[in-house]
Amino acid sequence: MENKSIPVVAVFDVGKTNKKLLLFDKNYSVLWERSARFLETVDEDGDPCENLESLRLSIFDALHEVLRRDEFDIQAINFAAYGASLVYIDAQGKPLTPLYNYLKDFPADIQQQLYDAYGGVVAFSLATASPSLGSLNSGLQLLRLKREKPDLFGQLAYAVHLPQYLSFLVSGKLCTDLTSIGCHTALWDFKQHHYHQWVEDEGLVGAFPPIVSGDAAFKSTFLGKSYWVGTGLHDSSAALIPYLMSNKEPFVLISTGTWCISLNPFASIDLTIEELQQDCLFYLSYRGTPVKASRLFAGYEHEIQSKRIADFFAVTTAKFRTLEIDWDIIAALTALDLPNAIDLKSFEAIDLHRYPDYQTAYHSLVWCLVKAQVAATQLVLCCTQTARIFVDGGFSRNQIYMSLIAREFPAMEVFAAAMPQATALGAALLMHQHWNTAEIPQNLVELKLFRPHTVS
């Protein structure tokens, strides 16, 4: 009987909250999806952290499930996961410690000693393109292990970021990926294009497996089935890949969610002290090229202030989802002399009694968020000939937000980009050469152009 199973690439997309497995066909349509959540555990200090054993078991459980399904033929597997989390592996490939949370308090003395030894916090942060973020600078987590737990450090064979640990579970191969070590880790010297001198001086370079290309893959076998296994990717960098593959001209991506991250893969100018102080940094793309980025906690602020408006006017936040922009309200808000500040918190200080209705109040909130977003995005636009801005994520579906962004950038084309599962898709696309003989589709991203508003 003819085998009619569909060739697919499987991607594990591991976020802090949701853990997903998605199957993509040769045209990169999602054919199947499974989502799971499980409770955090705690480390030896009682701080919350990822349950690494539950995560490991869920990976294999999900693989068993899809491999039992006759309708799919898995030919390749890849991983995308949140960064800034290191897994410490012993000689048998077993984790030595919990997966420490990147929000865990970091000892100030260890951090300061490192900065003092390498020119101070500013010089160090500029060289590594990493603002001083404590445990979020994942390289410092390894230094802490060496300082505070020398016995455990003595048992260390390798340190890998979470995406590469997940890849190792399936492939049995250990590697280091540029998108993970190039993301505010304080490990990478962006001027010298290799590990920073402190990593050499502390004898830590050997703790990291060899660096491989982001589109590399290993041949592996599981349950009698052979397939290619990717190296794993940092999730923010994975989400950029579909745009890089479908656009040759320079662009900026504003990826919106709890954090709104402006990404410019075409900016090669070094960071300035002023940019660093405003939470600017560089990522590394899967190609090893720098991606200038700025971050804004705008999605979180939108959630908090939307609830404040809803409570004040006795409506639900669902009312805001379908609001379209009212330019008369925008004109009235302009006349009210609203704060033109770039501070994300500017709306928080406004007394809601000044607004006649929830529609006006919500327009005002988005106005303030957009002002802050424009300032953040301008940080990565500097010195580049960029003609397009793509906005994806939650705010791309907010008509007021998109209209105001288009008005603030009148010389550029501003698009709302709709792409289901951008992070997983990026990880899938990097496996293309290993299993898919078809051309990569050109319509992976659905775009809607927003034109600047002109007064009639």
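Are Phe 190 and Phe 282 buried or exposed? Both are buried. Buried means under 20% relative accessible area, exposed means over 50%, and partly exposed lies in between, with a 1.4 Å probe and protein chains only. The model is predicted: local features need pLDDT of at least 70, side-chain atom pairs count only at pLDDT 80 or more, and totals for chains, interfaces and linings use all residues. Residues are numbered from 1 along each chain as its sequence is written, and side-chain values use heavy atoms, with hydrogens and water left out.

Stay with the two phenylalanines. Phe 190 and Phe 282 form a stacked aromatic pair, 5.9 Å centre to centre with 25° between the planes. Phe 190 lies in the loop between S10 and strand S11 (194–195), while Phe 282 lies in strand S18 (residues 280–284), so the pair ties together parts that are 92 residues apart in sequence. Helices (H or I, at least four residues) and strands (E, at least two) are DSSP runs, numbered from the N terminus. Rings of Phe, Tyr and Trp (its six-membered ring) pair if their centres lie within 6.5 Å; planes under 30 degrees apart count as stacked, over 60 as edge-to-face and the rest as tilted.

The whole structure holds 21 aromatic pairs. Ring pairs also link Tyr 243, Phe 251, Phe 266, Phe 390 and Phe 415 into a cluster. The charged end of Lys 16 sits over the ring of Tyr 102, 4.9 Å from its centre. The charged end of Arg 295 sits over the ring of Trp 259, 4.3 Å from its centre. The test here is NZ of Lys or CZ of Arg within 6 Å of the ring centre and within 35 degrees of the ring normal.

Next comes strand S16 (residues 251–256). Five of its six residues are buried, so S16 is largely enclosed by the rest of the structure. Six bridges join S16 to strand S20 (residues 388–393), and these two run parallel. Three bridges join S16 to strand S17 (residues 260–264), and here the strands run antiparallel. Two strands pair if DSSP finds at least two bridges between them. S16 and S17 form a hairpin with three residues between them. Ser 255 has a partner on each strand: Asp 392 in S20, and Ile 261 in S17.

Now turn to helix H3 (residues 121–128). Phe 124, Ser 125, Ala 127 and Thr 128 are buried in this helix. Seen down the axis of H3, the buried residues fall within an arc of 165°, so they line one face of the helix. The arc is that of the directions from the helix axis to the C-beta atoms. Their cover includes helix H2 (108–117), strand S10 (188–189), helix H8 (197–201) and helix H10 (273–277). After H3 comes Ala 129, whose phi is positive, near 50°.

Which residues does Thr 360 touch? Thr 360 is in helix H14, and at 9% relative accessibility it counts as buried. Leaving out residues up to four places away in sequence, Thr 360 touches Ile 329, Leu 333 and Tyr 355. Contact means heavy atoms within 4.5 Å. Ala 157 lies in the loop between helix H5 (150–154) and strand S8 (158–161). At 26% relative accessibility, Ala 157 is partly exposed.

How many salt bridges does a search of the whole structure find? It finds 20. A salt bridge is a side-chain nitrogen of Lys or Arg within 4 Å of a carboxyl oxygen of Asp or Glu. Asp 311 pairs with Lys 307, the closest N and O atoms being 3.0 Å apart. Being four residues apart in helix H11 (residues 298–313), the two are separated by about one helical turn. Asp 311 is exposed, at 52% relative accessible area. Glu 408 forms a salt bridge with Lys 371, with the closest N and O atoms 3.2 Å apart. Glu 408 lies in helix H15 (residues 399–408) and Lys 371 in helix H14 (residues 358–381), so this pair ties together parts that are 37 residues apart in sequence. Glu 408 is partly exposed, at 24%, whereas Lys 371 is buried, at 18%. Elsewhere, salt bridges that share partners join Asp 43, Asp 45, Asp 47 and Lys 104 into one network.
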